[in-house]
Every structure is written in C-alpha cells, then in structure tokens.
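The report below describes one protein chain from its overall layout down to individual residues. Please read it alongside the sequence and the structure shown here.

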Amino acid sequence: MVVEQQTSRSGYRGWTAEQVMTRDGASAPGLADTRPAVLVVEQDVIVRMALCESLRDAGFRVIEAFGPEDAVKVLRAGTDMSVLLTDLALPGVMNGVQLAGLARSLSPKLEVIITSDDLLDSDGHHLTLYE
C-alpha cells in the first residue's frame, strides 16, 4: 500500500510509488527534477508523514513507500534515488537491512539510512542486524 500525496507547508507535493511507475514499469514523466531524491520506507503513517514533510521542506524530492514491496518496485523502475531512508522493522518479506542490501545491489551509489525505535520485529522477536 502506498499513501497518497501529502502537501508540505512549502506547497511541494511528493511522489508515491504508484506515480513513479507507469503501467510498463518505466519512470513517470516529470521526474527530471534535479533535487536529490529520497525514498522513505516506513509503515507507521504518522512517522512517515513527519519524515516526508521535513525532507520536502528541506528541499528534497520524496517518494513514499509503506513497505519493502513498494520500495522494490520504485528501485527496479530505475528511478534516480540519492538516499534510501528505511525503518528496520518492515511488514512483509524483508527487514530494512535486507531492503538496503537489495537496494545497494540495484544502485551501488545509493546512500542508506536505517532507523528504528526498537530492535523488535512485528511479532515481538529481537532482530539480528547481521547474519
């Protein structure tokens, strides 16, 4: 699930994964923006909205994703990303460390920031950062 666009105080509207992707998987028109792009992957809507608004106000182009599946769609579409900002504990098939590894394999120059408010997964188990 990808949230709809949110308008920041500066009036800039960010891009969601659905807007980045066209039906054939190519990048959508209008993404020739020269601002650095940040892909924010966070399941908590309030946290994601706050992060995205702060990043937009700081002048970044922001693409929001609810979980790793949406993020992978954006990354595989070849969208030019500067930074991946992801939560450690994500819903679905991979955590933030695994997503970061996949993202770096697709885009080796991508900078990665992993955040977490705790080191527990959604089932309450402690996460291992490195295997």
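## Phe66 and the basis of the model

Phe66 is partly exposed, with a relative accessible area of 24%, where buried means under 20% relative accessible area, exposed over 50%, and partly exposed in between, with a 1.4 Å probe and protein chains only. Phe66 lies in the loop between β3 and α3, and its C-alpha atom is separated by 5.4 Å from that of Glu42, although the two are 24 residues apart along the chain.

This is a predicted model, in which local features need pLDDT of at least 70 and side-chain atom pairs count only at pLDDT 80 or more, whereas totals for chains, interfaces and linings use all residues. Residues are numbered from 1 along each chain as its sequence is written, and side-chain values use heavy atoms, with hydrogens and water left out.

## Overall layout

The protein has four helices and five strands, which follow the pattern β-α-β-α-β-α-β-α-β when read along the sequence; helices (H or I, at least four residues) and strands (E, at least two) are DSSP runs, numbered from the N terminus. Of the 131 residues of the protein, 40% count as buried. Among contacts in the protein with a separation of 6 or more, residues 24 or more positions apart account for 62%, contact being defined as heavy atoms within 4.5 Å.

## Strands and crossovers

Strand β2 (residues 37-41) pairs with β3 in the parallel sense over five bridges, where pairing requires that DSSP finds at least two bridges between two strands. Within this pair, Ala37 stands opposite Arg61 in β3. Together with helix α2 (residues 45-57), β2 and β3 make a right-handed β-α-β unit; right-handed here means that, with the strands pointing away from the viewer, the path from the first strand over the helix to the second runs clockwise.

In a regular strand the side chains alternate between the two faces of the sheet. Strand β3 (residues 61-65) has five of its five residues buried, and both of its faces are covered, with Arg61, Ile63 and Ala65 on one side and Val62 and Glu64 on the other. A parallel pairing also joins β4 to β5, again over five bridges, and in β5 the bridge partner of Leu85 is Ile113. The chain crosses from β4 through α4 to β5, and this β-α-β crossover is right-handed.

## Helix α4

In helix α4 (residues 96-106), the buried residues are Gly96, Leu99, Ala100 and Ala103. They cover an arc of only 100 degrees around the axis, which puts them on the same side of α4; the arc is that of the directions from the helix axis to the C-beta atoms. What covers these buried residues includes β2, α3, β4 and β5 (111-115).

The N-terminal end of α4 is capped by Asn95, a side-chain oxygen of which lies 2.9 Å from the backbone nitrogen of Val97. Leu106, also in helix α4, is partly exposed, with a relative accessible area of 40%. Leaving aside neighbours within four places in sequence, Leu106 is in contact with Leu75 and Arg76, and its C-alpha atom is separated by 8.6 Å from that of Gly78, 28 residues apart along the chain.

## Nonpolar cores

A nonpolar core is a set of buried Ala, Val, Leu, Ile, Met, Phe, Trp, Tyr and Cys residues joined through side-chain atoms within 4.5 Å. Of the 17 residues in the largest such core, Leu39, Val41, Leu75, Met81, Leu84 and Leu99 touch the most other members. The elements that give two or more residues to this core are β2, β3, α3 and α4, and α3 gives the most, with four residues. A second, separate core of seven residues includes Val40, Cys52, Val83 and Leu85.

Leu84, in strand β4, is buried, with a relative accessible area of 0%. Its contacts beyond four places in sequence include Leu39, Val41, Leu99 and Val112. Not counting residues up to four places away in sequence, Leu75 touches Leu39, Met81, Leu99, Ala103, Leu106 and Leu110.

## The loop at Thr79

Thr79 lies in the loop between α3 (68-76) and β4 (83-87) and is buried, with a relative accessible area of 8%. A polar atom of the Thr79 side chain lies 3.4 Å from the backbone oxygen of Val74.

Methods:
Polar contact = N/O pair within 3.5 Å; in protein donor to acceptor, adjacent residues only side chain to side chain.
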